[in-house]
Amino acid sequence: MMIPIESGMTQVMIVNMVCTDFSFSSPADWIQLSGHADAFAFGRPGILCKRCSSDGNEAIAYELLMNDPLRPFVPQYSGTVPYGDERYIILENLLSHFKNPNIMDIKMGTRTFLEEEVSNDKPRHDLYEKMVKLDANAVNEAEKEIKAVTKSKYMIFREKMSSSSTLGFRIEAFKTDLQTKAKDLFLVKSRDQVKEVLNKFLPSKLEHIKKIIDRLHRLRASLQSSPFFANHEVVGSSLLIVYDECKVGVWMIDFAKTVPLPNGIDIDHSSPWIKGNHEDGYLFGLDNLIDILEELLIE
């Protein structure tokens, strides 16, 4: 049920209903695996409040997704509410359906930055310093001379350090009963390295793995029939994979950088990105993820 956003007393009632004991401390059964924990707050059970992006893109995306074939694969969206000087998106807390959940966050696509983010070709000293700390050989002689690189070069470099560029997805973080891991996963690049990390996370029950794969296949079919997916570049979005002893779940989350395609631009979500073509590589990544999981199932 959608919660309308109104002014005056109705708005106050909505805030009190959704954001009772509104705080930035995470509940015991949840962990913000890949950072930005201060962007979330928690109200009554089953509710997650996420700070709106300043451009409102994420709220708009969720609104559209509530009437799209992808609806079963995203958390329930119930509008937005103000809190303090911020506005928050009201979302279903997907983890509330699980007991002691095991969680993995997978960033999808070959590109996790918007084209407008790399439109400025002015060389930056701060990005040069970050780049050479990671790989001193990644800069050319001209860049060494001015000690600066463009944001475009830096962002592409970062994608190439992980499996994003080669497989169309990267593992951001995961949590199981045995371990929680987020740091250094962006350096997991090869197919074999990805399989090794997935093996540490996946459930021991083969039936659970089959259910994860089946849900990914159903997600792919829904993407193919989705007007939302056909008309947007899906950038920086994640797949949330969750399981406990009894059940599994897979959902699309994080749509702050998901924006409508420019007029006259069509993409297939699989072709390589070239600046200006707006390809995101989402289907390329999903197909590789499914292939790898099916390989692990029979190994």
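Let's begin with an open sheet of five strands, ordered β7-β6-β5-β9-β10 with antiparallel pairing. Strands β7 (180–181) and β10 sit at the edges with a single partner strand each, so one side of each lacks a neighbour in the sheet. Strands here are DSSP runs of E of at least two residues, helices are runs of H or I of at least four residues, and both are numbered from the N terminus. Two strands count as paired if DSSP finds at least two bridges between them. This is a predicted model, in which local features need pLDDT of at least 70 and side-chain atom pairs count only at pLDDT 80 or more, while totals for chains, interfaces and linings use all residues. Residues are numbered from 1 along each chain as its sequence is written, and side-chain values use heavy atoms, with hydrogens and water left out.

Within that sheet, take β5 (residues 102–108) and β6 (residues 169–175), an antiparallel pair with six bridges. Here Met108 stands opposite Phe169 in β6. On the way into β5, the loop between β4 and β5 holds Asn100, whose phi is near 50°, a positive value in a residue other than glycine. Asn100 is exposed, with a relative accessible area of 54%; exposed means over 50%, buried under 20%, and partly exposed in between, using a 1.4 Å probe and protein chains only.

Now step back to β4 (residues 86–92), which runs antiparallel to β2 (residues 47–51) and is joined to it by five bridges. Leu48 has Leu91 of β4 as its bridge partner. Five bridges also join β4 to β3 (residues 77–83), again antiparallel, and here Pro82 is partnered by Arg87. The β3 and β4 hairpin has two residues between its strands, and Gly84 takes a positive phi near 65° in it.

Ser54 is exposed, at 83% relative accessible area. Although 202 residues separate Ser54 and Ala256 in sequence, their C-alpha atoms are 9.4 Å apart in space. In α2 itself, the buried residues are Asn57, Glu58, Ala59, Ala61, Tyr62 and Leu65, and their cover includes β2, β3, β4, α9, β10 and β11 (259–260).

Helix α8 (residues 206–225) is our next stop: its 20 residues reach 29 Å from first C-alpha to last, close to the 28 Å expected at 1.5 Å a residue. That expected span is 1.5 Å times one less than the number of residues. Buried residues of α8 include His208, Ile209, Arg215 and Leu223. The helix's buried residues pack against α9 (227–230), β9 (238–243), β10 (248–253) and α10 (282–298), where contact means heavy atoms within 4.5 Å.

His278 has a positive phi near 65°, in a residue other than glycine, and counts as buried at 13% relative accessibility.

Thirteen residues line it, with Thr110, Arg111, Ser165, Pro272 and Trp273 nearest its centre. Helix α5 (residues 151–161) gives the most to this lining, with three residues. A pocket is an open set of points on a 1 Å grid over the protein atoms alone where a 1.4 Å probe fits, with protein on both sides within 12 Å along at least five of seven lines, and lining residues have an atom within 4 Å of a point.
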